[in-house]
Structure formats: structure tokens, C-alpha cells
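Me: I have just opened this one and would like a careful walk through it. Could you take me through the parts one at a time?

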Amino acid sequence: MPRRAFADLELWEQRLVGTASKWDGWSIAKDRTRIRVRLRRNGKAVDSVLLPSPFTWSEASEPDATLWIRQLRMAWIDGSTLKAAMEAIAQKSDKHGDDLGFTWAETVESFRDSVMTGRNQIRAETWRDNYQPYLKEALRLLGSSNKPKDGFTLLKRTLQKWEGKPSSRFACCLALRNWTDHCISRFGVPVTWAMSKTDIAELRGRPPVKRTKAVLTDEELLTLIEEIAKSNGAWAAVVMILTATGCRPVELSHISPRRRDDGRPGIWCSYRKISGPNRCDERWLEELPLFGPDGSKKTFSLAEKLDSGALPWPVGRDGNPRRLDGHHVELFLKRQGSWQDLVAKCEARGEWCRSYSFRDSFSARAHRLGIETAQICRVMGHGLQAHSRAYRSASDASARDAFDI
């Protein structure tokens, strides 16, 4: 298989390979599904070693593998071998006090597998956002010369990185507690590493202030779509779908054209969101119209365009339609001046604008148009309880209009 150029690598691959970019003679390469570290002298290969099996060539392994490679570099002595450096790491203090023959990094890999293939079967994006940063910092501390000796100390020192960030501190507490519980249950780690509710209550600080989620007006949404369409018709189509159907950003890669019972084209969503013991059903998406400042009704005929293949879509480097989720949508929107202006406008009125705001706006718009709540829930793919708890059903503007009688 030909070697890929650095520019053609995924961002996480670039970060992994770049770990050794400033080390003379060191390089990192993919070896089938594994990670190989190489050492060259005078342009000739002199040594190489595969990282331990828990580290695979994957985005999920990248943070832990990067930390391990840096430890390998520190343990390596010029004139020695990479294998000797690996053996030195194995004897170091990244094993817990009873030295049961595993590393903390291995417990993280086991925990990742547990939450992604068992339990709630979280997505890779959820692991990346809600677990990976905090466990990466914990592993760094556990690999230091002054490593924590128990769960309370580990949590306290890990939280220091997110001082003044209540939401991140809450997520950190949850991630580390679940991980150490896994270590105790699966690896026999001493119970001194457990993090009790008392520990968390003491260390996490004040809860984050609940932000008011933005509900965008029809005019704001139409203007945003119009501005994006001027430079990128494919991404304008993505924003149209999010706006008109209220689907979750992650569901963009799970929609397809399908004929309804009466023969009309429709949009089918095959995504089944998992929430605790519940899983939402596959469902039809419904397009909700927008209304211009003059009261004119605006629809995009998305089902018909998707059915005929006339709906443009962002294309990846391989020439195929891109798989999209909330992360990709946020990255695109943050680069758009029209979106930046809209975020600032929402902030000025005390609202939090993000890619999910299209979904909240759909909910409020459906209520404003008098659609029954049960039907809204069916189309949005959640239950009544989740709808009343998590989604807005009105805005200041709609409330003002409702009482203007």
C-alpha cells in the first residue's frame, strides 16, 4: 500500500505522526491496524517497535498512543533499543500499586470498548467530547513522577485543567468516576481509587448556569440559508434540511428518499437514538414551512429534490457524499460570517446559538403553527417527557404574537 502524503492524512493521523516530527530520526507509521515507531540514523533504519496491542491506528487510540510514544522517547537511551525502552516503561509506575500486570492506558482502552459496544453504546463523537479529554489528562498525571495515589487526588488534580469551566468539570467528574469504577470492577484496582458522591460534590464546584437555547426566527433562518447558498449550495441544502425537518445533525447521514404508501416522495430517517434503556424508532421526517417578513410561505420541496437526486450534498476527498454529524456542521458554520453574526445576535438577547438551534427552532415553530405535541414528538423522534424537558415550545416573539389580540 503506497504511503500517503501528510496532507492527505486525517487530522488525528497528522497529530499522531507529528508527535515525533521534532525528534531526530524518529517517525511514526501505520503497520496494518497497529502503530509502529521507527528510528533511523544517517538515513538508514536502525530500529523499530510496535506499540502494545491496545493501541490501534484509530482516532480513539490517538491521545493515549501519543502519551505512550512520549513516554517511550523519555525511557529511550541513545545507544539502547526501543524494545529496552518499552520494557523500562512496563516496569514504571503507570501500573497501579499492586502491580497486577496492566497499564492505566490499557484500562482506558477497556473502558472505551465497554461504553461503545456495551452499556449505552455511545458514538465515537461522544467518546471524543465527553470522555477522551479528561481521561487523557488523568493518564498524563498517572504517568508523571508525582502521580496521584488515590481517586480523590486524581480527580482533584485532573479538574485543575478545567478551572472556571463548570460544564467541563461536571463532565470530567462523570468520566473519571465511571472509568475508575470500571477499573475496580474489571481489573481489581484497590477501592481507594473509587470516587464517591461526596468527593465529587466537594471538588466539582458550582453547577453550570443553564443557558437559554436559541430559537431562531423564520427571517433569521431564511437569511442564513440565502447567505450560505451564495458560496456553497451543497451546505445550504444541509442547513435547509436541518431547518425544515428539525432532524438531529447526526441524522444527516441516516436519511434517504423513500416512497410513502400513497406514492408520494418522502424523507426516511433510519437513525435510532439511544437514551438510557430507550431507543427511538425510525421515522418519516416532515418539512415545516417558513414565512417571510411579508407573510409569504416558503417551502424547499426537499423530499421531491432528494427523490430526484436534485438535492446537492457536500462531497468528501474521495468524491463520495460526506457523512455528516454535529461536529462537522459546527465546524462549517463557525467559518461562516453570517452564522457568526447570528450567534452574536443571539448572545445579545441572552440565547445560546449552536447547530442544535435548528431543531429547537423547529419545535417552537411547530407549536406556533398549532400542531399537536404528540405529532411533533413523533416527527422529531423523541417522547413527550424528553420534549417537555429539553426542547423549547415558544419564544418571546411567538408569545408576544399570541397575546397580541
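This is a predicted model: local features need pLDDT of at least 70, side-chain atom pairs count only at pLDDT 80 or more; totals for chains, interfaces and linings use all residues.

Me: Okay, so which order do the strands take in the open sheet of three?

Reply: The order is β1-β2-β3, and the pairing in this open sheet is antiparallel. The edge strands are β1, covering 26–31, and β3, covering 44–50, each of which pairs on one side only. On average, and with direction ignored, neighbouring strands of this sheet are turned by 30° against each other.

Me: And what holds strands of a sheet together in general?

Reply: Strands of a sheet pair through backbone hydrogen bonds, and the pairing can be either parallel or antiparallel.

Me: How many bridges are there between β2 and β3?

Reply: There are six bridges, over which β2, made of residues 34–41, pairs with β3 in the antiparallel sense. Within that pairing L39 stands opposite D47 in β3, while R41 has K44 of β3 as its bridge partner.

Me: What about the turn between β2 and β3, how many residues does it have?

Reply: Two residues lie between the strands of this hairpin, and N42, which is in the turn, has a positive phi of about 55°.

Me: Which helix lies across that sheet?

Reply: That is α2, residues 62–75, which lies across β1, β2 and β3 and runs at about 30° to β2.

Me: Let me step back a moment. What does the secondary structure come to for the protein?

Reply: It comes to 18 helices and ten strands. The protein has 405 residues, and buried residues make up 43% of them. If you look at contacts between residues at least 6 apart in sequence, 59% of these join residues that are at least 24 apart.

Me: On burial, then, why is α6 described as largely enclosed?

Reply: Helix α6 spans residues 132–142, and eight of its eleven residues are buried, so the helix is largely enclosed by the rest of the structure. The buried residues are Q132, Y134, L135, E137, A138, L139, L141 and L142.

Me: Is α10 parallel or oblique to α15?

Reply: The axes of α10 (residues 218–231) and α15 (residues 357–368) come within 11 Å and cross at roughly 135°, which makes α10 oblique to α15. In this case α10 passes α15 in a left-handed crossing. The contact is made by D218, L221 and L224 of α10 and by F358, S361, R365 and R368 of α15, and its residues divide into three nonpolar, one polar and three charged.

Me: Now a couple of single residues. Where is C173, and is it buried or exposed?

Reply: C173 has its place in helix α8, and with a relative accessible area of 3% it is buried. Leaving aside residues up to four places away in sequence, C173 touches L155, L159, I200 and R204. C173 and A201 are 28 residues apart in sequence, and their C-alpha atoms are 9.4 Å apart in space.

Me: And R4, where does it lie?

Reply: R4 lies in the segment before α1, which covers 11–18. At 38% relative accessibility, R4 counts as partly exposed. Again not counting residues up to four places away in sequence, R4 touches L9, E13 and W57.

Note on methods
Residues are numbered from 1 along each chain as its sequence is written. Side-chain values use heavy atoms; hydrogens and water are left out. Two strands pair if DSSP finds at least two bridges between them. Helices (H or I, at least four residues) and strands (E, at least two) are DSSP runs, numbered from the N terminus. Axes are lines fitted to C-alpha atoms, for helices over the stretch in contact, and angles run from 0 to 180 degrees between N-to-C directions. Contact means heavy atoms within 4.5 Å. Angles under 35 degrees count as roughly parallel, over 145 as roughly antiparallel, 65 to 115 as roughly perpendicular and the rest as oblique. A crossing is left-handed if the near helix is turned anticlockwise from the far one by less than a right angle, and right-handed if clockwise. Ala, Val, Leu, Ile, Met, Phe, Trp, Tyr, Cys and Pro count as nonpolar, Asp, Glu, Lys and Arg as charged, and the others, Gly among them, as polar. Buried means under 20% relative accessible area, exposed over 50%, partly exposed in between (1.4 Å probe, protein chains only).
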